[in-house]
Amino acid sequence: MDNYLMNKCLKSLQELDEAGVISFRSDGIGVFPLAASHVMSKNLVTFESMKNFMDLPPTCDTADLLRALCECEDMQRPIRRSEKKHLNECHKFVKYKLEGPMSKVRVQIPWQKSFILLQANIGQLYLEDYTLRKEM
């Protein structure tokens, strides 16, 4: 049991080091927190979400940043059948569109819902659906 926990901790520390969240001291015993670890702990950002943000290039545009934010599991909510019509209608009025021809694009997966709702909230669009307004 102790060996299992030790291996699990070492593996986690190595993943954090490879992602650039922490740094090992030169003696190999101590650990230094880097800026990303402070952002994660202060804002309760998961490790997977932080890796997505750190993988963004420095020259990314606003649409890429919104997509990365919407791909975080904490931002995603399931799409209810009754919401699809309102989300597709709202998609026509947001600045950054989902990829694909406009006539074929439909909001079908949770990150797309987050992408539309986040833009609707920033743009102060009014949504008729009560549940969507509450999720904003």
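This section describes the overall dimensions, helices and selected loop residues of a predicted model.

The chain comprises seven helices and two strands. Read from the N terminus, these elements follow the order α-β-β-α-α-α-α-α-α. The radius of gyration of the chain is 19 Å, whereas a compact globule of 136 residues would have a value near 14 Å. Along the principal axes, the C-alpha trace spans about 60 × 40 × 25 Å. Of the 136 residues, 28% are buried. Among contacts with a separation of 6 or more, 47% are accounted for by residues 24 or more positions apart. The accessible surface of the chain amounts to about 9,800 Å², and carbon and sulfur atoms contribute 55% of this area.

Helix α1 covers residues 2-19, a run of 18 residues. The distance from the first C-alpha of α1 to the last is 26 Å, close to the 26 Å expected at 1.5 Å a residue. G20 follows α1 and has a positive phi, near 85°.

Helix α6 (110-122) contains 13 residues and reaches 18 Å from its first C-alpha to its last, again close to expectation, which is 18 Å at 1.5 Å a residue. The buried residues of α6 are Q112, K113, S114, F115, I116, L117, L118, Q119 and A120. The cover over these buried residues includes α4 (62-70), α5 and α7 (130-135). After α6 comes Q124, with a phi near 55°.

The loop between α5 (84-91) and α6 holds E99. E99 counts as exposed because its relative accessibility is 69%, above the 50% cut-off for that class. Apart from neighbours within four places in sequence, E99 is in contact with R67 and V105.

Backbone geometry draws attention to two further loop residues. Most residues other than glycine have a negative phi. L44, which is not a glycine, has a positive phi of about 55°. L44 is located in the loop between α2 (35-43) and α3 (47-54), and its relative accessibility of 71% places it in the exposed class. Q124, likewise a residue other than glycine, has a positive phi near 55°. The loop that contains Q124 lies between α6 and α7. At 72% relative accessibility, Q124 also counts as exposed.

D61 occupies the loop between α3 and α4. D61 and D129 are 68 residues apart along the chain, and a distance of 30 Å separates their C-alpha atoms.

Conventions: Residues numbered from 1 in each chain as written. Predicted model: local features only at pLDDT ≥ 70, side-chain atom pairs only at ≥ 80, totals over all residues. Heavy atoms only, no water. Helix = DSSP H or I, 4+ residues; strand = E, 2+ residues; numbered from the N terminus. Rg over C-alpha atoms; globule rule 2.2 N^0.38 Å. Buried < 20%, exposed > 50% of the residue type's maximum accessible area, 1.4 Å probe, protein only. Contact = heavy atoms within 4.5 Å. Areas by Shrake-Rupley, 256 points an atom, 1.4 Å probe, with all protein chains shown as cover. Expected span 1.5 Å × (residues − 1).
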